[in-house]
Amino acid sequence: IAKSGHHMAKAGAYLDSTCDRLADGSMFAGIAWWSHATNNYMLLGLSLVALLGSFQVSYNRARAESLGYCGLGGWFDRPVRMIILMIGLLWPMTLLYAVGVIAVGSWCTALVRGFSSFSALRLRDSVRAE
């Protein structure tokens with residue numbers, strides 16, 4: 001509600017970021033645990049790569065915003081990752097592919113956000129230096 005009204009306090013923003021990471025971590029940790037228990041090591045590896053990529057996407061945005069830049073970009077933000085993961089969980093035969101798509105897409109999004117944030121912040125710093 002606070003986000004939609006643009007009245008988000010710093011404590012709320014902190015709580016939102018923290019809960020996002022916990023939700024992402026919980027889902028991929030569960031998939032990693034299940035894939036280890038079933039000896040599906042390909043899914044285990046992909047779920048860990050997806051976990052790290054998801055964390056990197058949210059971290060890039062949060063860090064850029066803390067430095068005064070919006071930090072958006074890329075296609076694999078949280079809602080897209082969750083929709084793909086839900087589709088993969090509905091049909092277990094597609095879970096490996098869904099997690100693989102999330103792993104690749106998350107890292108692509110993290111790289112896009114990282115590059116655009118770095119470039120914008122670097123440009124801002126060079127303008128200030130002049």
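Visitor: In which loop does Trp-91 lie?
Guide: This is a predicted model, in which local features need pLDDT of at least 70 and side-chain atom pairs count only at pLDDT 80 or more, whereas totals for chains, interfaces and linings use all residues. Residues are numbered from 1 along each chain as its sequence is written, and side-chain values use heavy atoms, leaving out hydrogens and water. With elements taken as DSSP runs numbered from the N terminus (helices H or I, at least four residues; strands E, at least two), the place of Trp-91 is the loop between helix 3 and helix 4.

Visitor: Is Trp-91 buried or exposed?
Guide: Buried means under 20% relative accessible area, exposed over 50% and partly exposed in between, with a 1.4 Å probe and protein chains only. Trp-91 has 52% relative accessibility, so the class of Trp-91 is exposed.

Visitor: How many Å apart in space are Trp-91 and Leu-121, C-alpha to C-alpha?
Guide: In sequence, Trp-91 and Leu-121 are 30 residues apart. In space, their C-alpha to C-alpha separation is 42 Å.

Visitor: What order do the elements of the protein chain follow from the N terminus on?
Guide: The protein chain has four helices and zero strands. Its elements, taken from the N terminus on, therefore run α-α-α-α.

Visitor: At roughly what angle do the axes of helix 1 and helix 2 cross?
Guide: Axes are lines fitted to C-alpha atoms, for helices over the stretch in contact, and angles between N-to-C directions run from 0 to 180 degrees. The axes of helix 1 (residues 10-37) and helix 2 (residues 41-66) come within 8 Å, and their crossing angle is roughly 170 degrees. Angles under 35 degrees count as roughly parallel, over 145 as roughly antiparallel, 65 to 115 as roughly perpendicular and the rest as oblique, so helix 1 is roughly antiparallel to helix 2 at roughly 170 degrees.

Visitor: How many nonpolar residues does the contact of helix 1 with helix 2 have?
Guide: In this contact (heavy atoms within 4.5 Å), residues of helix 1 including Phe-28, Ile-31 and Trp-34 meet residues of helix 2, among them Leu-44, Leu-48 and Phe-55. Ala, Val, Leu, Ile, Met, Phe, Trp, Tyr, Cys and Pro count as nonpolar, Asp, Glu, Lys and Arg as charged, and the others, Gly among them, as polar. The contact has six polar and two charged residues, and the number of nonpolar residues is 13.

Visitor: Which residues does Ser-35 touch, not counting residues up to four places away in sequence?
Guide: Ser-35 is found in helix 1 and counts as buried at 0% relative accessibility. With residues up to four places away in sequence not counted, Ser-35 touches Asn-40, Leu-43, Leu-44 and Ser-47.

Visitor: What is the phi of Asn-39?
Guide: Asn-39 lies in the loop between helix 1 and helix 2 and is exposed, with a relative accessible area of 51%. Most residues other than glycine have a negative phi. Asn-39 is not a glycine, yet its phi is positive, at about 60 degrees.
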